[in-house]
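Dear colleague,

Please find below the structure for your review. My notes on it follow directly after.

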Amino acid sequence: MIYMDNAATTYPKPKAVADAIYHQILYMPGNAGRGTHPAALSAGNLLQETREALAKLFNISQSERIAFTMNITQALNVALLGYLKPGDHVISTDMEHNALARPLELLRKTGVQWSRISAGHGFDLDQLRRTIRPNTRMVCMLHASNVTGDIFPITEIGAICQEYDVRFLVDTAQSAGFVDIDVQRDHIDLLAFTGHKGLLGPQGVGGLYLRPGLILQPVITGGTGSFSESLEQPWFMPDLLESGTMNLPGIAGLKAALEFLRQTGKENLLQQERKHFQQLWEGLKEIPGVVLYGSGNVEQMTPVISFTIGQTNSLEIADYLEEKSHIFCRAGLHCAGLAHTAIGTFQTGTCRLSPGYFTRSEEIERVIQTVEQAAQKFK
Ligand SMILES: Cc1ncc(COP(=O)(O)O)c(C=O)c1O
């Protein structure tokens, strides 16, 4: 198998991640915040240490402002549904994943006004300035596209949000672990992340950072292990957004993954990813009949390459790659119908190849050869 679907979830995970999950399940009893015996305290420490590692990664000054969720979809829902009210105006791009677009559509039906900036062929900062209205309360958007790999200029966008006193929510699903993110430099008020992609952790863990001073209406309430005498949800972080038992094995895995990233070094990871990306892009762009999407500028992209061959349905191409060379990739609309409309591929979808840190150069060569054969077959 040649795994080219790291944008969906990274594979393989570092062995330390599996070891940590196994250790947590077998040897670590106790539930965080539930009890004062040593096992409960250790579970609490695990949460705290993982928050601290995340805080370091994103340059967050107060780690307790990070709440764990199941994934980034939940984090984005909590942020959007908890912040926006009827009559508010919100701005996103037209490249959003449904994890952000669907809650916005739900809110639009309740009276939230939603504008979309076109970003399929680059982000226009002036268009953002022109779109901000007196009632704009939030700009929310993905940092990097899961369809084209394009990275958007969040540092400049964050500065505009600060200038207009508008909250800035960033979906880092495709960028965390690949691209430097600094909530202070980038003026990010709310940052959503997922553990199982570039962070190399297991599935089932994500989270939301809230800038100090910012409060959301919680959409999920319940047991937090604190203030049990009250029927009100605690107002402080992380308890405000962390009801119910956390995924402790998953969080132990994420902690190990963050340690792997720290030890490997961001620069090494980035260099490796860019090498793969460049090899794949250079090889594919020479194949007659293959159309690539995204800017092609290696500095401004994550390792995600979408392509089409004429009007062939992308699912047929993916089947061919799998049958011919056991290449696992993702075709179709990638939970992002808006993005495919923006880049003009809504009818066919695209075939998306996403190499990862552990991909080997020979695998990329094989992928290029197989796409060449596909281009012959479907021309
Ligand atoms: C840009 C983007 N946002 C959100 C998500 C949703 O991630 P999760 O399924 O981990 O919630 C994805 C997943 O592919 C994504 O690419």
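Please note at the outset that the model is a predicted one. Ser-145 sits in the loop that runs between strand E5 (136–142) and helix H6 (154–163). Its side chain reaches the backbone nitrogen of Val-147 at 2.9 Å. Setting aside residues up to four places away in sequence, Ser-145 touches Met-95, Asp-150, Phe-152, Gln-174 and Val-304.

Ser-314 belongs to helix H9, which covers residues 314–325. With a relative accessibility of 1%, Ser-314 also counts as buried, since the cut-off for a buried residue is under 20% relative accessible area. The side chain of Ser-314 reaches the backbone nitrogen of Gly-332 at a distance of 3.1 Å. Beyond its neighbours within four places in sequence, Ser-314 is in contact with Ala-331, Gly-332, Thr-348, Gly-349, Thr-350 and Cys-351. Gln-347 lies 33 residues from Ser-314 in sequence, and the C-alpha atoms of the two are 9.4 Å apart in space.

The chain is divided into domain 1, residues 15–264, and domain 2, residues 266–378. Domain 1 contributes 26 residues to the contact and domain 2 contributes 27 residues. Taken over C-alpha atoms, the centres of domain 1 and domain 2 are separated by 28 Å.

How much area do domain 1 and domain 2 bury between them? The value is about 2,200 Å², with 60% of it on carbon and sulfur atoms. On the side of domain 1, Val-147, Phe-178 and Thr-264 lose the most area to domain 2, and together they account for 28% of what that side buries.

As to polar pairing, 9 residue pairs are in polar contact between domain 1 and domain 2, both residues being at pLDDT 80 or more. By residue class, the side of domain 1 that touches domain 2 divides into 11 nonpolar, 10 polar and 5 charged residues.

The count of salt bridges between domain 1 and domain 2 is 1. A salt bridge is also formed by Lys-266 with Asp-180, where the closest N and O atoms are 2.9 Å apart.

**Salt bridges**

Side chains of opposite charge can pair when their charged atoms come close. How many salt bridges does the structure hold? The number is 19, and several of them are described here.

Arg-129 forms a salt bridge with Glu-163, with the closest N and O atoms 3.0 Å apart. Arg-129 lies in helix H5 (residues 125–131) and Glu-163 in helix H6, so this pair ties together parts that are 34 residues apart in sequence. Arg-129 is partly exposed, at a relative accessible area of 32%, whereas Glu-163 is exposed, at 52%.

Glu-105 and Lys-109 meet through their side chains in a salt bridge, at 3.9 Å from N to O. That distance falls inside the cut-off of 4 Å for a salt bridge. Glu-105 counts as partly exposed, with a relative accessibility of 25%, and Lys-109 is exposed, with a relative accessible area of 65%.

Which residue forms a salt bridge with Asp-186? The partner is Arg-185, and the closest N and O atoms of the pair are 2.7 Å apart. Asp-186 is buried, with a relative accessible area of 0%, while Arg-185 is partly exposed, with a relative accessible area of 37%. Elsewhere, salt bridges that share partners join Asp-165, Arg-167, Asp-189 and Arg-211 into one network.

With kind regards

Key:
Residues are numbered from 1 along each chain as its sequence is written. This is a predicted model: local features need pLDDT of at least 70, side-chain atom pairs count only at pLDDT 80 or more; totals for chains, interfaces and linings use all residues. Side-chain values use heavy atoms; hydrogens and water are left out. Domain bounds come from an automatic or database domain assignment. Contact means heavy atoms within 4.5 Å. Buried area is the accessible area (1.4 Å probe) that two parts lose on being put together, summed over both. A polar contact is a pair of N or O atoms within 3.5 Å; within protein, one must be able to donate a hydrogen and the other to accept it, and residues adjacent in sequence count only if both atoms are side-chain atoms. Ala, Val, Leu, Ile, Met, Phe, Trp, Tyr, Cys and Pro count as nonpolar, Asp, Glu, Lys and Arg as charged, and the others, Gly among them, as polar. Helices (H or I, at least four residues) and strands (E, at least two) are DSSP runs, numbered from the N terminus. Buried means under 20% relative accessible area, exposed over 50%, partly exposed in between (1.4 Å probe, protein chains only).
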